[in-house]
Every structure is written in structure tokens, then in C-alpha cells.
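Reader: I have a model open and want to go through it. Can you take me along?

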Amino acid sequence: MKTTISCLLMIVLFTACNLAEKQEKAKKNNGIEGTWRLVSAIKIIKDSTFSTFNPKTKMIKIINGTHFSFFNHDLNNGKDSAAVYFAGGGKYTLKDSLYTENLEYFSLREWENNKFDFVVKVQNDTLTQKGIEKIEKLGVDQIIIEKYVREK
């Protein structure tokens with residue numbers, strides 16, 4: 001009987017510690033870890049604002065403790081002239097709400113080895129990311145605002 005109670009207490013203690021560790025980790029990373037689906041995208045260049053969200057594609061972003069990746073493809077399985085596929089990823093850092101992506105891999109190779117700073121906010125199951133994409137050699141200088149919902 002004492003052995004059973006001791007085992008049960010050990011299980012309860014282990015579960016409580018594991019839950020507390022997960023909650024502390026979620027606080028530390030602002031809740032950004034997970035798989036996210038893009039639902040809105042805006043690009044601002046100088047004084048012009050454009051929606052860049054394409055409902056004929058699906059994009060997901062995956063963020064773990066050290067890396068991010070994203071994948072975007074058309075919903076017609078590449079079977080028409082609107083076929084598109086791109087992917088990228090790399091390491092990131094997060095300090096408070098400042099999220100910096102170091103793009104190490106990308107289908108558009110000329111974008112690789114660039115750093116992009118964003119402000120991120122997670123509210124319920126929505127991740128909002130806003131920041132500047134600037135690559136002088138490509139003439140890229142734009143603000144992007146993306147909204148994602150957590151995939152379940």
C-alpha cells in the first residue's frame with residue numbers, strides 16, 4: 001500500500017513539475033512555438049499598401065525552440081499555370097517581442113543569409129508579425145504585416 005501511494009505521489013509530482021516547466025517555457029517564448037497558417041498578409045512599399053495574401057495558396061510557418069521554417073504552395077497540386085511552391089527557414093532569436101529571423105535557406109537563393117527583424121504578438125490563437133524586409137542588392141525595402149492562426 002505504501003509503495004502504491006509513493007508511486008502515485010511521484011507521478012503527481014512529476015506531472016506537476018512537467019506542467020510548470022511547459023508553462024515557464026511558453027512564457028519565455030511568448031507562445032510563438034508551434035505550427036501557424038497564414039491568414040492575412042500586407043506589404044507596404046513607400047506610401048502604397050498591398051494585400052499579398054493569396055487564397056489559392058496555403059502557407060504554414062513552423063517555429064520550435066531555435067528554428068523557424070515556412071512552406072507555401074498552390075492548392076491545385078501544381079497542375080496549372082498558377083503553380084507555386086517556395087520554402088525557407090533558419091535560426092531565430094526572440095527577446096521580449098523582438099523576433100529576428102536569420103534566413104539560412106530559401107527557394108529564392110538570393111534572399112539567403114539575410115536577417116529580418118519583426119515585432120511579434122500572440123493573442124489567443126493568432127500570431128501577428130510586423131517588420132521590415134530590406135535587401136539592398138535586390139532593391140527590396142518593404143514593411144510586411146502577417147497574421148497567422150495556430151494549426152490544431
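This is a predicted model: local features need pLDDT of at least 70, side-chain atom pairs count only at pLDDT 80 or more; totals for chains, interfaces and linings use all residues.

Reader: How much of the protein is buried?

Author: Of its 152 residues, 27% count as buried. Buried means under 20% relative accessible area, exposed over 50%, and partly exposed in between, with a 1.4 Å probe and protein chains only.

Reader: Which residues have the most contacts inside the largest nonpolar core?

Author: Ile 32, Ile 63, Phe 68, Tyr 99, Leu 103, Trp 111 and Leu 127, in a core of 21 residues. Strands 1, 3, 4, 6, 7, 8 and 9 each supply at least two residues of this core. A nonpolar core is a set of buried Ala, Val, Leu, Ile, Met, Phe, Trp, Tyr and Cys residues joined through side-chain atoms within 4.5 Å.

Reader: Switching to Thr 100. Buried or exposed?

Author: Thr 100 counts as buried because its relative accessibility is 8%. Thr 100 is in strand 6, residues 98–106.

Reader: What does its side chain make a polar contact with?

Author: The side chain of Asp 117, at 2.6 Å. A polar contact is a pair of N or O atoms within 3.5 Å; within protein, one must be able to donate a hydrogen and the other to accept it, and residues adjacent in sequence count only if both atoms are side-chain atoms.

Reader: And Asn 72, where is that?

Author: In strand 4, which spans residues 67–74. Asn 72 is buried, at 8% relative accessibility. The side chain of Asn 72 makes a polar contact with that of Thr 57 (3.4 Å). Asn 72 and Met 59 are 13 residues apart in sequence and 4.1 Å apart in space, C-alpha to C-alpha.

Reader: Phe 71 sits in that strand too. Why is Phe 71 called partly exposed?

Author: Because its relative accessible area is 32%.

Note on methods
Residues are numbered from 1 along each chain as its sequence is written. Side-chain values use heavy atoms; hydrogens and water are left out. Helices (H or I, at least four residues) and strands (E, at least two) are DSSP runs, numbered from the N terminus.
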